[in-house]
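User: Please take me through this model, starting with the loops and then moving on to the contacts between its parts.

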Protein chains: 2
Amino acid sequence: MNQTVRPERRVLAQRVTLAHGGGGKAMRDLIEDVFTSVFAPPGMEDQARLMDASLLEPGAELAFTTDSFVVSPMEFPGGDIGTISVCGTVNDLAVGGARPLWLSAAFIIEEGVEITTLRQIAASMQKSALEAGVRIVTGDTKVVGKGSGDGVFVTTAGIGVIPPGRRMLAESVRPGDIALVSGVLGDHGAAILAARGDMDLTSDIRSDCQPLNHLIEAVLTAVPDIRAARDATRGGLASALNEVAYAAGVGIEITEADLPLRQEVRGICEILGLDPLYLANEGTLVLFVPPDQAVSALAAMKSVPAGRGARVIGKAVTAHPGTVIMKTVLGGARIVDMLVGEQLPRIC
Amino acid sequence: MNQTVRPERRVLAQRVTLAHGGGGKAMRDLIEDVFTSVFAPPGMEDQARLMDASLLEPGAELAFTTDSFVVSPMEFPGGDIGTISVCGTVNDLAVGGARPLWLSAAFIIEEGVEITTLRQIAASMQKSALEAGVRIVTGDTKVVGKGSGDGVFVTTAGIGVIPPGRRMLAESVRPGDIALVSGVLGDHGAAILAARGDMDLTSDIRSDCQPLNHLIEAVLTAVPDIRAARDATRGGLASALNEVAYAAGVGIEITEADLPLRQEVRGICEILGLDPLYLANEGTLVLFVPPDQAVSALAAMKSVPAGRGARVIGKAVTAHPGTVIMKTVLGGARIVDMLVGEQLPRIC
């Protein structure tokens, strides 16, 4: 029994044990040493108290979203589970027109994970949070026994503010609207595949994992009437386009020759029999804008680093509502359906 | 390849497969059939758009919190992981004086989990959400391979509004303040222990899992100056009191004879060598109020079902700051320290 409960310098274990999930001193030490010292949340209560002037503008709305991240391996070229857990939630807010402000972070840690791994994840999260201009304000840790988890699972939730009058919704897309992407497709999926190491692929491809909120704000300045935005994550471009076609009740036509794909990603896909349209991206945007604003939107995207590789890839049409069709390089046309099953498990 | 993307009646598999985590049709079907049909979130975008008039009152603040839930077994007398995942986050908001409004829900599902299990969890979540008066507005599902998870892990995040002027913070507790609990201690921990079945205990004890926001609002009506509230979850009453002593820099004295404990919980603890002060509760409140308001607070607690078993258990003192001391039934005194390690893994 130890009377001292004031913070003192503690020597943490090298690995997480079940004791770190118990709600006692070991847990508090872990949280203070590894997480709150990095995230510097406001206060140590069970909840963060927050306010932002933008929320009080008449007509402003809150945006709220969550994602769990179970990517395997936890570290990959271009990022790690920490990077993706912040970027993913920031991007989910941003594609709805919200300015991301605050994130929560909950960790489910398998017994035996090294403390240095947790420190790296926390550092990556904080780096991405600073890049996006958001704060990680509240969190939780749980520990599960060996074999009941797999390394670290991270769940983030995010709050943002949608300024008055912004309505970026998939259902707003109309026939004639132009579809653009912000950069090359499939890098995240290909990087994870290569990082898994069980395919004997050597590759220099890095995940495109990055926050997209600044890119979206830049385009909104030039084109306030963006109809809809999507980040093409799980299920890739194909799923993002199908979601829009489904929600808006429009057809979508894209042109294979216009899709920005690295030769190396094409190569990996050919070797493994994968379709790059379904490879995940973690920092690539799909935008729909009115036809007369496509040129301005493209220029605005290209003016920001995250949008340097922007391209027009197709348009919304009245024909075949709910269906995405691609004009192939061979002159034919094929349906780009939503994936039924699973191309790559645990991609994010 | 299937051209139809409009919703049609689908026959879901009986168990979750990796395909359900892939971002494609199987995932959308699972989400629509099991989750959104029950939670009825506003819209199907990546983020929920929200507003509440209470947020616009000058001086109001947002409260934001998150918790992951990994309780094992997932079902226990008095609730399941769905109940606890909603009540836990509602209570984390409420103890800070917030009126809980919106929840997110993220599911990490192990391959092979039965769809009926997911349906039961969703039903329990919705039941607790209705009881608390909150809405589950956004969510996510991920699937991990067999052996990389353990059934279902649920992470909820919650947003509430703290009305202007409310400052319920552990650091506000002052010497002389009275400590009360809302009901019997340790029922959740004891119920989980018995439900695990590996201790050969038969017991009628049910988890106390319940939302506490209505109880807190009832007390606030009678005693607007509640100094601080805590729900005594992981680590039990002992950890909640130590947190307050630590944050406020006060000593805390409690009286063993005043602690409300079921005979059956005492019995289980004696058999297993556990200390009931560290057993988790999931619907039991610890409150600190100014001494002249203790009688009103106690009466207000007893007027609400969740507070029927309320009791004064002790007080804050100037002596031994940071330390909790209990006067024992034998006439002695002992330090009630924060747990160093882990009494019961995966209790919530």
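Analyst: Pro73(B) sits in the loop between S2 and strand S3 (75-76) of chain B. Helices (H or I, at least four residues) and strands (E, at least two) are DSSP runs, numbered from the N terminus. The model is a predicted one, so local features need pLDDT of at least 70 and side-chain atom pairs count only at pLDDT 80 or more, whereas totals for chains, interfaces and linings use all residues. Residues are numbered from 1 along each chain as its sequence is written, chains are lettered from A and ligands numbered from 1 in the order in which they are written, and side-chain values use heavy atoms, with hydrogens and water left out.

User: Is the peptide bond from Ser72(B) to Pro73(B) cis or trans?

Analyst: That bond, from Ser72(B) to Pro73(B), is cis, with omega near 0°. In chain A, the bond from Ser72(A) to Pro73(A) is also cis, again with omega near 0°. Pro73(A) lies in the loop between strand S2 (61-69) and S3 of chain A. Most residues other than glycine have a negative phi, and most peptide bonds are trans.

User: And what about phi at Ala40(A)?

Analyst: Ala40(A) has a phi near 50°, a positive value in a residue other than glycine. This residue belongs to the loop between helix H1 (25-39) and S1 of chain A.

User: Switching topic: how is chain A divided?

Analyst: Chain A has a domain 1 (18-162) and a domain 2 (170-335). The bounds come from an automatic or database domain assignment. Taken over C-alpha atoms, the centres of these two domains of chain A are 27 Å apart.

User: How many residues of domain 1 are in contact with domain 2 in chain A?

Analyst: In chain A, 21 residues of domain 1 touch 22 residues of domain 2, where contact means heavy atoms within 4.5 Å. The two domains of chain A bury about 1800 Å² between them, with 59% of it on carbon and sulfur atoms. On the domain 1 side of chain A, Pro77(A), Asn91(A) and Val95(A) lose the most area to domain 2, together 29% of what that side buries. Buried area is the accessible area (1.4 Å probe) that two parts lose on being put together, summed over both.

User: Which elements line the domain 1 side?

Analyst: Those giving two or more residues to the side of domain 1 that touches domain 2 are strand S3 (75-76), helix H2 (81-94), strand S5 (99-110) and helix H3 (115-132) of chain A. H2(A) gives the most, with eight residues.

User: Now the two chains. How many residues of chain B are in contact with chain A?

Analyst: 92 residues of chain B are in contact with 92 residues of chain A. The area buried between chain B and chain A is about 7800 Å², of which 55% comes from carbon and sulfur atoms. Arg49(B), Phe64(B) and Tyr246(B) supply 12% of the area that chain B buries against chain A, more than any other three residues.

User: How many salt bridges does the rule find across that interface?

Analyst: There are eight salt bridges across the interface of chain B and chain A. One of them pairs Asp67(B) with Lys142(A) (3.7 Å, N to O). Another links Glu61(B) and Arg49(A) (3.0 Å, N to O). Glu61(B) is in strand S2 of chain B and Arg49(A) in strand S1 of chain A, so this pair joins two chains.

User: Do those strands run parallel or antiparallel?

Analyst: Strand S1 (residues 48-50) of chain A and strand S2 (residues 61-69) of chain B run antiparallel and are joined by three bridges. Two strands pair if DSSP finds at least two bridges between them. In S2(B), Ala63(B) stands opposite Arg49(A).

User: Last one: what pairs with S12 within chain A?

Analyst: Strand S8 (residues 178-181) pairs with strand S12 (residues 311-317) of chain A in the antiparallel sense over four bridges, and Ile178(A) has Lys315(A) as its bridge partner. Strand S10 (residues 251-255) of chain A also pairs with S12(A), antiparallel and over four bridges. There, Ile252(A) is partnered by Ala316(A) and Ile254(A) by Gly314(A). S10(A) is also joined by four bridges to strand S13 (residues 324-327) of chain A, and these two run parallel.

Definitions and conventions: A salt bridge is a side-chain nitrogen of Lys or Arg within 4 Å of a carboxyl oxygen of Asp or Glu.
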